Amino acid sequence: MSVPVLVLAMSAACCLGFGFVLQQNAAQRAPLGDFLSPRLLLDLMKVPRWLGGMALMVAGMGLGAAALGHGELSLVEPLLATNLLFALALSRHQTRQPLGRQGWSGLALLAGGVTAFVVAGEPSGGHAFTDPLRHWLIIGGMVGLALLLTGCARRTRLTVGPILLALAAGLLYGVQDALTRVSGQRFAEGGFAELLTGWQPYAVLALGVTGLVLVQSAFETGPLRMSLPALTAAQPLAGIACGVGFLGDRLRTDAGALTWEAGGLAAIVGGIVLLGMHPAMPEGTVGRVRPADVRVG
């Protein structure tokens with residue numbers, strides 16, 4: 001693992017983690033009538049705390065894109081998953097909650113899982129697959145599953161809806177990371193002329209806006225401890241699937257390496273769940289009724 005990739009990815013994780021907490025602080029006060037609507041973003045743009053969170057998120061995405069330009073997706077994605085550590089750090093500062101056994105266990109699982117996956121898998125670059133059918137099957141599968149989860153979330157928005165929306169957003173962000181890497185490669189090969197003639201940068205923008213609406217709707221309707229673990233777990237899994245599936249990322253495939261890689265991914269998910277469910281994470285105000293939500297019949 002190169003030092004620049006490590007520094008860029010961890011800096012991105014820090015910005016993303018802090019940004020998610022600030023966004024949720026603001027989104028939980030937005031009108032529930034804006035659920036899954038672009039109006040939600042327009043309302044949140046009036047809130048300074050949300051704008052600060054968005055600035056950090058944009059910085060994190062930029063740093064993540066720079067990391068993807070120097071390292072494989074299968075390497076960068078597990079590192080970006082550590083954003084939950086930084087989110088917990090800021091939440092602890094706000095709530096004054098100690099880490100306790102749950103926090104330390106989650107931290108150990110997440111850090112150990114990332115280390116195990118990277119060391120055992122030894123992610124390396126290879127030749128991207130040129131078969132368009134392969135690309136569209138993987139991307140279409142991810143987007144289709146995200147649409148299915150979003151449809152289910154509409155009917156359960158104040159129960160498991162935030163989890164389903166966060167999972168859907170995580171899948172889209174994983175695909176977005178893969179296409180960001182492709183866009184960076186096109187820019188490196190031919191500059192803006194080569195970049196803007198491909199469909200990938202426009203897909204990156206569309207996925208980013210859609211994912212943002214899903215994430216803010218999840219933050220609006222549920223506590224951070226419901227949505228952030230699902231988002232943080234889904235994104236690296238989707239990104240790794242895209243990296244290996246059509247970007248040509250290579251992982252060791254002998255029996256021992258596969259065992260450690262699977263164990264590492266399981267530990268990452270387990271650590272994410274433990275940290276995300278920590279009492280320090282903001283609870284939000286689920287089930288609240290606000291004046292803006294009352295309709296005169």
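Visitor: How do the residues of the lining of the second largest pocket divide into nonpolar, polar and charged?

Guide: Please keep in mind that this is a predicted model. The lining of the second largest pocket divides into seven nonpolar, three polar and two charged residues.

Visitor: Which residues line the second largest pocket?

Guide: The lining consists of A128, F129, H135, L179, V182, Q185, R186, E189, W199, Q200, F246 and L247. Helix α8 gives the most to this lining, with five residues. The space in the second largest pocket is about 220 Å³.

Visitor: And how much space lies in the largest pocket?

Guide: The largest pocket holds about 510 Å³ of space. It is lined by 28 residues, and those closest to its centre are M57, M61, Y173, Q176 and D177.

Visitor: Which elements give two or more residues to that lining?

Guide: They are α1 (3-27), α3 (48-70), α4 (73-80), α8 (161-196), α9 (200-221) and α10. Helix α3 gives the most to the lining of the largest pocket, with nine residues. By class, this lining has 17 nonpolar, nine polar and two charged residues.

Visitor: Let us turn to cavities. How many of 30 Å³ or more does a search of the whole structure find?

Guide: The search finds one cavity of 30 Å³ or more. The space in the largest cavity is about 40 Å³. Its lining is formed by P78, A233, P236, L237, L265, I268 and V269.

Visitor: What classes of residue are in the lining of the largest cavity?

Guide: That lining has seven nonpolar residues, with no polar and no charged ones. Helices α10 and α11 (255-276) each supply at least two of the lining residues.

Visitor: Now the helices. At what angle do α7 and α10 pack?

Guide: Helix α7 (residues 132-155) and helix α10 (residues 224-245) pack at an angle of about 170°, and their axes are 10 Å apart. That angle makes α7 roughly antiparallel to α10, because angles over 145 degrees count as roughly antiparallel.

Visitor: Which residues make the contact?

Guide: From α7 the contact uses R134, I138 and M142, and from α10 it uses A238, A241, C242 and G245. These residues divide into five nonpolar, one polar and one charged.

Visitor: What about α5 and α11: at what angle do they pack?

Guide: Helix α5 (residues 83-95) packs with α11 at an angle of about 15°, with the axes 10 Å apart. The two helices are therefore roughly parallel to each other, since angles under 35 degrees count as roughly parallel.

Visitor: Is the crossing of α5 and α11 left-handed or right-handed?

Guide: The crossing of α5 and α11 is left-handed. In the contact, L84, L85 and L88 of α5 meet I272, L275 and G276 of α11. By class, the contact has five nonpolar, one polar and no charged residues.

Visitor: One last pair. How far apart are the axes of α1 and α9?

Guide: The axes of α1 and α9 are 8 Å apart, and the helices pack at an angle of about 60°. Helices α1 and α9 are therefore oblique to each other. Helix α1 passes α9 in a right-handed crossing.

Visitor: Which residues of α1 and α9 meet?

Guide: F20, Q23, Q24 and A27 in α1 meet L212, Q216, F219 and E220 in α9. The residues of this contact divide into four nonpolar, three polar and one charged.

Conventions: Residues numbered from 1 in each chain as written. Predicted model: local features only at pLDDT ≥ 70, side-chain atom pairs only at ≥ 80, totals over all residues. Heavy atoms only, no water. Axes fitted to C-alpha atoms, helices over the stretch in contact; angles between N-to-C directions. Helix = DSSP H or I, 4+ residues; strand = E, 2+ residues; numbered from the N terminus. Parallel < 35°, antiparallel > 145°, perpendicular 65-115°, else oblique. Contact = heavy atoms within 4.5 Å. Nonpolar A, V, L, I, M, F, W, Y, C, P; charged D, E, K, R; others polar. 1 Å grid on protein atoms, 1.4 Å probe; cavity = no way out; pocket = protein on both sides within 12 Å on 5 of 7 lines; lining within 4 Å. Points joined across faces, edges and corners; volume = space filled by probe spheres on them. Left-handed = near helix turned anticlockwise from the far one by under 90°.
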